Structure formats: structure tokens, C-alpha cells
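Here are my notes on the model you sent. Please read them with the structure open.

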Amino acid sequence: MGRTGTKSAKWGLGIAAVVIVVVIPSLNAFTPPGGLFHVSDFSINLYGKYLCYAILAVGVDMLWGYTGLLSLGQALFFTLGGYMMGMHLMRMIGDLGQYHQPIPDFLVFLGWHNLPAFWRPFDSFPFALLMAFLLPGLVALTFGYLAFRSRIRGVYFSILTQALTYAACLLFFRNSLLMGGNNGFTDFKFLLHHDLRVPATQRGLYVVTALVLLLVYAGCRWLSQTKFGLVQQAIRDSENRVLFSGYAAGYYKLFVFVLCALIAAAGGALYVPQVGIINPSEMSPEKSLEAVVWVAVGGRGTLVGPILGAIGVNALKSWTTRAFPDLWLLILGTLFVLVTVFMPKGIVGLPEQLHALRRPFGAKLTPAAPGPPEPEQESAKTR
Amino acid sequence: MRFGLTLLGLASLGCCCCSFAGGPDASAVRQKLAQAILSEGQEQQRLLGELADSASKIVADVLNAWSRDGVYLYNSPDNSKVPVLLEESEDASGKARAIRIDNGQYLKDAQGVELRFSRSDLNSADTDMRLRSAIQQTLDTLALADPDAAARRSAVLKLGNSRKQRYLPVLQSRLARETDATVRKAIAEALALLELGAPDPKVQLAAVEQLGRLRALGSLDVLKGVVARTDCPPDLARSARKAINSIEEHLWWVNFFGTIFHGLSLGSILLVVALGLAITFGLMGIINMAHGEMIAVGAYACYVVQNLFGAGFGFSITLPFNFAGKPISFGLHLPGLNAAGWYYESYFLLALPLSFISAALAGLFIERTVIRFLYRRPLESLLATWGISLVMQQCFRMIFGANNVQVNSPSWLLGHFAIHDVSFGYNRVFVICLAAVIVFATWLLLTQTSLGLLIRAVMQNRSMAACLGVRTTRINMLTFAFGSGLAGLAGAFLSQIGNVGPSLGQTYIVDSFMTVVLGGVGSIVGTVCSALGIGTADQVLQQTTGSPVTGKIVVLVAIIIFLQWKPGGLFTIRGRSLD
Amino acid sequence: MKKYSITLAACALMLAGSSICQASDTIKVGILHSLSGTMAISETSLRDTLLFAFDEINKAGGVKIGDKSYMIEPVIVDGASNWPLFAEKAKQLLEEDKVAVVFGCWTSVSRKSVLPVFEKDNGLLFYPVQYEGEELSKNIFYTAEAVNQQATPAVDFLLAQGKKKFYLIGTDYVYPQTTNLILYKYLLLHGIALGDIGGGLRKDDSGKVISAGKYTPFGHTDYQQIVAEIKQFAASGDACVVNTINGDSNVPFFKEVAAAGLTPADCPVVSFSLAEDELRALPTKDLVGELGCWTYFMSLNTSVNKNFLDRWNAWLKTENHPGVVKEKRAVDSPMVLSYNGAYLWKAAVEKAGTFDVDKIRETLESGAISFDGPGGKITMDKNHHATKNVYIGETRANGQFKILKSFDQVFGEPFLLKGLDEKLNK
């Protein structure tokens, strides 16, 4: 964190932001297709997806790297936000679906003739946007309140979030929930009177996603430097001391938990129109674990790390499923193991680790692996 | 018991030819059998009906073989077809002698030399569904005289359900000679069902009352049909309704006990799966996301042992990299023992300890290479073990293929027995018993042995134990290996009940974590209680809501809410430290 | 400095990678299947058959247009049983690799997730797996079995055998739900009483039945209660089970059926998602006599089929594509329909004289393209579905099917619900 305060780092971040928000979409819009600098429509779409994942990763990092809460259920909030937006997009298809009926296709082949009551308000975009934040927020509030009130911590908290997301996944797979079941929502056509299938709309969505990412990053950076952020990091380092110092740690944790759920929901709401499909398998425990892995690979406890991790790991996945379709799980799995064991600070912390290795002989060598003891409760106990 | 029948059948087909030579009665039956095989349609049905009355063991054996494509047709030089059976024992070139069905002698050519065929040389006699059900009915009638009580009982019930009046005298004469109580009850039920079709209303009334008294589950539909009939006399309808009520009450109790048993069996599976996790998690603070893959290791070990007892096991892996122009590949082929009969069925007894050992070795390997760096970092252990689980899944896919592999249950685990209409499957009873044995053994290990004492010491306070001279690294290794070995045993069980594939582990991960966390980390008693509790609750909810998923969701939410109230789980181990 | 340079480097790499030029005289063809994840079990075999078909075509000289021959260059991507990834890979194949045609998808959700991509980019997809129908896209050609080429012939067969009670069970997603709804209406039309259709009925607010049968989620393993219910349902004889459980869950289901003592002679089970490939993993000794209904069985005794199997086995011995398992292979209907699809496409291209999607579509819709496949003659029709033979078989202990009945050249009709509704309301 200290490193990113330096002037050169600030310049670096600024240039990166300009590249992402301005340069890449311009290359897509203004250069001729097939040219050397052209960014294809497919790529813009892909990058937009990566940036949505980056938003999710920043949320996970705020919880894990800054507050010490490993939540294995962030994908649940991401997907809930996506579903709310998806419901609106399904209504916007109108009667251009496969069956040319005014209600969504999956309801038609389930035998419904009229729209169920709870679908009707989603015709309006503001309502859908509100619900995209409200529903995940409420779920987070309820679960978080119950969990933090009973001082559930550490590993138990992680497993409980995993159970929550698994239960929700099972629930959403049921066709009787009238949320698309296993097929989910797909075949979107219009958003706010823009045709989703046109490259200009996809470019616009990409820019919006990039701006939201910047906003989230800036907001989290600001928060981590306020007094609230200090308490948050103190909770990560030793919650008991924070409690003894008179702070109601539960409420701080609850606030961060709900905030990160909202961040994830924002990512989800932007993800759905770009990918074109939402389905309950997005809220499976494996997806949440993937998000955690992005943060771990990128470097937790920093805010740039998760962004790098999300983009990097997903790019690697896109490439390996193409180049080595039979081996990519092996590659990814080995990568995670190596990063966890040997690079606890992730990519962002790699220069520091290598620097530590290069100390001259005779001076005390700090081992590069497994790294300094983590500020968890266990090591606090042994001090 | 059923196995005994099969063995008897095989033995009599294979070894002694003397049993096939018989007196004049036997030869008439044989001729009829051969005729039945060669004929078709109505003629065939008629001959089969006649054979049903023959009460001959030979008929039962041949009909069993016929329904399994075991009867072959030999084209003799004079253009007639001769039905034959092939002997079990084959010579070096895989050919066996053929036994003629019509006279029980070996098939000989014109010079009197015994002919030998392999199974692919001859066409088997065709059967279709209708013929097979006719054969089954004949077998059922013959089965009325079967030495095995369960076979007699199911044969009796089938005859009753057929509603054919001509079986009445057969059943009545059987009732006079029957000694076994359950079979007598079944005969009474079958007789009542048949009498329902009698023209005399008094007989019908008596039959309906009898069915109600017997609480015959299979007659529910028939009784409802009687009530629904428009020409039904009021007293018959009344007593039919009474019978239906008493049967439905009995059904409710059957379902109740059945649900409890299902809950116990599901709970015991969860228990075996979660016990290993409880040990590694509770005693070491390591979240092992690769626990599911340890289960898969055990299941695959079972598969390998099954193949080694059978035809052999081999695999080959081709990598997408080229070296000197050729792709890199390596493989392994092990010859099989080609065991048969009891020798082959006993593979499971060997597979159990091998599953334990192979999973324990895998766990040991993982512990030495990766886990030992992560003891103070539980959240990192989660990530690293998840990475390991991805690697292991892909390895399974590469070695065994992405498909599920076939693991057959040994025949002594197949089937079920019933008490008062509640059926208990042998494999599930086996799992329950073995789960109890495993829990007991673990408890013994942890409380009565010195190793167990050391393990508990390390769990309570690792640093203090190290200061007192306990070799914590060695304890860690052994504990992790033990926990993984238990998972391997669970995998061996699961191979009997479900499918074995690369993603076997993923199905059980969330459930096993829930069980461990609910039971209280580090507590064996807690794991037992929570596993049985979750299993029973899941089954009861499934029974009441009618949907398998709702039950699971409710159980998960209930656990989450319960943990708000008791965050440590059911049985917490209270220490003095704050965390 | 280091952070943004990493980002810039990544961007540059992606830019560079996006321009791939095509070698001359080859034509790129996409294979879009799950090679990992839950569906890998079924879909890897489809990739293998497609590679076999392409190797055969290339050996015979490739695809001929005019006097030029084009060798097929397959581009294989892994959808990883992840539906959004399928959409991304479809986009990649059409926009980046610019393939001429894609052969792929197994589950309906994967097909539905790539459908908008194919319609937007005007691509061509050949879909080979039996499905629920009720769909017709101008960019997809369905060599798959429609419901009237699988489910209804099987039910007809069971009705003819005298079965009066039907228990419906399936996995909870669109294919079993729609198929069971169709079968429910079909059974009512054929005089089966409402109480004799087992598994439960769900109605909407107005009382209309919107779902029939019992449903379990993917990967469900505990069938004790359900099998006990089936046993009670079948206690009176004359019952059968219609099974649309997909994938892994079939194994615990059938093991439970065997343990409960339900024999095929008492209560046969007809499964629509089990073919020879899946039977390799099931305890087939317990399944002898259970039914299946497909448009191809490996045990078909025709010379075309025997020839095909010989060539397939020979190819397996000599090929060296990574990931293809050589031992203990079985061939089943979806694999053969993939193979047929490849040859139908080749025939259409050669007749139309171009790789252009619109012209190929016209040629295929004309009904003139047919191919003598291992399962019999298959002809593509105007409604994008294929006319082919239908076979009903029963399982043997060696995992093969014995063919009981065959229907020749059944026309594929995807839209059945509306017609059944009209007949029921009359």
C-alpha cells in the first residue's frame, strides 16, 4: 500500500486508467478491422467481462484483505445482481423471442400463459436497478447480522457462506421458482432502447464497466484511508483487541459485508448484458472460490492486486481452454497451489519477494517462502 | 440365498452331466423343452404353460439360461436346429462342450466325437419381452416349490397379481404344504386377490375383508377399483373402504420406518465421509478442499481391484506435446487374475483395506509436499487444497477417462430383506454396520492408544505439545494420512451406491463441511450426531414435501440458523483461549 | 510502474493474438463441446467422432468445390460445462477463427446460450443430441432426435405391451420437463387415467398442469425414497417407468432399483438419456431388459454399420489426437448423429458450391441432402430437422442393445405441444 502512494505509482495508475477507459474503446471504434491496432468486437466484449470480474474481485479483497473475512459466497451476490438485471432484460425482449409471445420463452414452454405477478414491476429499468442492489443487500444484511452477532469468525464464517451460496444455487436450479431454472435467462435483445447485439452498445457497456471499476477502486481506496479503514484493518489484524478497545466490531464488519455485496451486485448487473446469459451455476461455490483465487494470485491487501489477478487469471483460462483443452485444469490447479504456498502476497508482492531474495551474502536472509506469518488470530495467540 | 440358487443353477449346468440323464419322466420334459424353444407364438405359450406344471428342476435351469441368452441353436447337418446349452468350463482355446436339451447328452457329430464351440460360434435362441414374461411366469409357478422362502413369496405374489383364476388350485394346494409364515401370508393375500374376481358376491366380500385384515399393500389399486365400480353393492363398497383405510394406515407406518432407515443409511454415509474431515479439520485446523478427491481415490482403488480380479487394468496417457516428432505418451498395463465365482466376489473385502491405504498414501504425499507449509494459515490451506483438488480431478480424467467407470456390487451385497413390508437393502445395512465399526475404531484409536493421546495433545495446544517433546510433524503426517484413509473407505462404500467418476468428490464436499461444522469441530460424537441428524432430517423432509431438493435447502438454512445460536456446533471443545 | 506495464503488455499480447491468418486450401471448422466438467463424460465422445469424420473426409480428398479441394482443419474449444463460456467460445469461433461451421453442444442450455451468438453472426451450428424440440432457429440444423423420434415411439411400444401405469422421473431442466409434459398429454389422449401417471403434478394458478413427474437436480445421488415410491406404484403390476434422468444420477438410480428388487420383467424402465456410452459405467447385469429408444444402435446388423465400426476401430488404433481414449469404446446415437452431421454439411457444401452460410441453408432446406449413415438414411428437411429411422431396443448384459422394433424414415417434428393441447381441448 505504501508503494502505491509514491508519485511514479500514481502516474502508472493514471496511465492505466486512461488506457482502459479511453484508448481501448477508441481502438475498437476508430481503427479499421483487421488492422494492426484494431481491438475486435469480440475482444471488447471479453475485456468487459474481465472488468466485471475485476469489480467482483475488488469486493472480495475488501472483505478478505482488509477486514480478514474470507467470504466464499460473493458469487451469490454477483449472480443475484445479474438476475435482477436479467429479469429486466427478459422483459425487454418483448415478443421477439422464439415463441413470439409477450412473456419470456421459458415461461411459455413451462405452460404459463400470463406473466406471474412478481415479474411485472421489472418492466421498468430503475426498478430493476434498485432491486439489483436491494436484494443482494438485504440478503447480506440478514446473513451478516446473524453471523456477526454470534461472533462467527474465520473458517466457520467461510464455510457458512459456502453453504448459503450452495443452498441458493439449489433453489435457483428449480424450474418451479420461475427464474429460468437450469436454462437461466438468455437471448437478450434490448437495454434502454439500445440494441444489445450492436457493437456500439457493447462498447458503451465496456466503458460503463470500466468507469464503475474506477469508481469502486477510488471509493475503496478512500475508505481504506479513513478512520473506518483503520478500524477495518485492525479487525483483520486482531479482532479481540479492537473489541477490547471499545469498538463494536460487529457493526463495522456488517457494513463492509453489505458494501462488498453491493459491489459484487454492481459487477453482476453489468456482467449480464455483456455475456448474454445468466444461469444458477454462476452462484455455485466453485465460482466464489475462483474469485478468491483471483485475489490470492493478484495479491490481497492491495486494491490493484485483485484487478490484475482477475484479468490475468481469466485471460490465462481463456487461452488455456483453447490451447490445451485437456490440460488446462492441471495448469490452473498447479498455478494456484504454487501461488498460495510460495507467493502469499501474490503478483503485486512478487517484486518485494524477489528483492528480499537478492540481499547480499552475510546479511540476514529472510526466506521467500512461506513468507511472514499472516496476521490471523492464531499467530496473535502465539505472540 | 439368491446367490445360492444361482450357484446351484450354474453348478448343475456346468459340471455334472449325470443330472441331465434321467428316467422316462425327465426325458419327456426335456423333449417338451426342446420343442418349446423351437416353436413360436401360441404354440410356444401353450408348451410353456404345460411345462409350468412339470415341477422339474431341469426346466427351471434351462428357462433361466434361456432368458439370459444362454440357450444356443446348433444347425445340424440335416438342416434341423438343435437347442443346446454350453458348458461352463472351457478348454484352452475357449471352447466348451454343448449339452443337448432334448436328451441331456453331449452334442456329438456323426462319428460320435464331442463337438466344441465358443460362445460366438453359435446363435443364441431369441427371446423378446413377451416371451420373457411368459418364461418368468412359468418360472414363478415352478418357483412355488423353490427351497428359498423369499423366492416362493415373490412367486406367489406375482401369481396373485396376474388375476388368473386358474392359479387358485395351485395356490390352495401350496397353502396346505407351506410351513414358512411369511409365505403363508403371501399365499393368503394372493388367494384373496384371485377370489375378488369370483362371481359370488359373498366370496368377494370375504376376499375384501381378508385383504384388509392382511394389510396387503399390493391390493390397494384393486380395492380402489372395486369402490369406483358403479355396480358395486353398498356393503362391498363399505368393507372395501374399511380395508383401504387399514391398508393406508399400515402404509403410513411402513413409510415412517422406511424413512427412518433411509435417514440412518444416508446419515451413515455422511458420517463416514465427514469423519475423516472432522479429524483433519478439527485436529489440525486444515480445511481440506481435496477431501472429496480422497474419496474418489478410494472409489477408484475399488475399481482397480475389481479389474485386477477380473480382466486386468491398464491406462495410457498421451500428452499434447511432441518430443522428437512423436507425441509423449506413457501407460501401464496389469494382467488380471480372471477370477470367477466366490473368488471374484471376494474382491470387495480386499478393496476395502486397499482403498484406505491408497487414500492414506495420497494424503501423506499431499501433506509432505504442500500442507506442511500451511499449518498456521487455515485460509491459505483452503485455497491450496482446492488447487490440488483441480489437479487430482484432471489426473483422474487422464488416467481413467472422463466417463464414469463401472463398479459392480458383489452379489452378497445385492438385494434386500423385508420386515413387515419395510425393505432393508443389504448394501445399506452393510454401510450402517461398517460406519458403526469405523466410529468405534476411531474412538478407540483416539482415546485408548498412546498415538491418540498425542493427537489430542497436539490438537489442544500444538506449541505446548512440541515443547513437551511430541514430534508434531510426525503426528501431523499420521493424522492427515488417517483422515484421508477414512475418506478412501467412504469412497469404497460410495462406489457401491453411486457412480464413480472424476467429479465424485465435488458432490460430497459441501455436505461433509456442514456435518463437521454442525457437529462441533474436533468432536467425534458431534460428527456422529450431526451426520445422523442431517440424514434423518433430509429424508423426513423429502417424505413430507415430496421434493428431494426442498428438503436439502431447508436443512442447509436450518443449519445456518442453528449456528447463529450455537456457533461452535453441537459439541464444542472448550478451551481457555479466547478464540 | 510495474503494474501498468503488466497491463499494457497483456493488452498488446491480446491484440497480437487476434489476427490469425488462414492457410490456403484448408477450411476451418469448429468443435464446441465440454471437455471438462460434468458434461465431459458425454461430450468428449462427440469430439472424437467428429475428428474421425474429418480425418476420413480429408483422406478422401477433403471438401471439393469446383476443382479445388479443401482440407478440414478442426478448431477444438472446451466449453467446460460452463454455459456462459459456451457463448464466449462460440463468439470466438465465429468472430476470431472465422470457422465455416460449428458442430457442438449437448445440453439445451448450452444450445440456448449460443443461439443468439449464431443468429447475430449468421453462423451455422449442427446439433446432434436428442432434445425437447419446441425450437427452430435459422442458424441451427438439428440432426438430433425430436420428441416424436424418441419419446412417443417408446411410449407407443409400452402401451402396446399392455402397460397401464406410467411413472415419470427426470432431472430438473427443460428437456425432461418438456418431454414429460408432452408425454403426459399424449398418455391422457391415449386413455391412461390421471391417477395412473405417477410422480406428481404441478399446476399453475388457473389449475392448468404445467409440470408432470418427479424431478431431481443434476448430480443427485439419493434415490431411496423415490425408488420406494416407484415400488409401491408398481405393486399392482402393469406399470413402467419413463426415465429422463440425465448423466451421472442414472447410476445411483439404477443401483437403487436393483437393490430394491424391481426387475425389468415386473416394471420396465425406458431411459431416453442412456446409450451404449453411458452403459459402460452402469451395472449392466442389473439392467438386462430395460429399454432404450434411439435412431441408432451399435448392434445394428447392417453392412453400412459394420463397415463404419471397422473403420472407427481402425482409426482408434492409429490416431494420435491428444485426449482420445482408445480402450473400451462404444458408439452411440449422438456420436453417429455428429458423424452424419459432418457428412451432411460436406454434401451441402459440395452441392451449393460455396461455404456461404445462406446458400448452404437453402440447399439443406431443399430436402435434397441426405446421407447413408450407420443408422440408416438420414435426410435434412425444410424444418431443419432430419428424417431418420427409429429403433427400440432392450439392454443386454454386455451393454449393447437388442433391437426389438424399428420404424423407418420418421419425419422429425419439433413442435408437438400445441397440437396435443388442441386435441385435448376438443
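1. Start at Ala54(A). Setting aside neighbours within four places in sequence, Ala54(A) is in contact with Leu213(A), Pro306(A), Ile307(A), Ala310(A) and Ile311(A). Two residues are in contact if their C-beta atoms, placed from the backbone, lie within 7 Å.

2. On the source: this is a predicted model, where local features need pLDDT of at least 70, side-chain atom pairs count only at pLDDT 80 or more, and totals for chains, interfaces and linings use all residues. Residues are numbered from 1 along each chain as its sequence is written, while chains are lettered from A and ligands numbered from 1 in the order in which they are written.

3. Ala54(A) also belongs to the largest nonpolar core, which has 335 residues. Ala54(A), Ala57(A), Ala163(A) and Val272(B) touch the most other members. Helix 2 (residues 41–64) of chain A gives this core its largest share, 16 residues. A core here is a set of buried Ala, Val, Leu, Ile, Met, Phe, Trp, Tyr and Cys residues joined through C-beta atoms within 7 Å. Buried means that 20 or more other C-beta atoms lie within 10 Å of the residue's own, with C-beta atoms placed from the backbone.

4. A second, separate core holds 55 residues. Leu51(B), Val84(B), Ile99(B) and Leu211(B) are among them.

5. Chain A overall: 15 helices and four strands. These are DSSP runs, numbered from the N terminus: helices are H or I of at least four residues, strands E of at least two. Of its 383 residues, 51% count as buried. The C-alpha trace of chain A spans about 75 × 55 × 40 Å along its principal axes.

6. Which chain touches chain A with 37 residues? Chain B does, meeting 49 residues of chain A. Helix 15 (378–400), helix 20 (504–519) and helix 22 (548–565) of chain B each supply at least two residues of that side. Helix 15 of chain B gives the largest share, 13 residues. The side of chain B that touches chain A has 26 nonpolar, six polar and five charged residues. Ala, Val, Leu, Ile, Met, Phe, Trp, Tyr, Cys and Pro count as nonpolar, Asp, Glu, Lys and Arg as charged, and the others, Gly among them, as polar.

Terms used. Buried ≥ 20, exposed ≤ 12 C-beta atoms within 10 Å, placed from the backbone.
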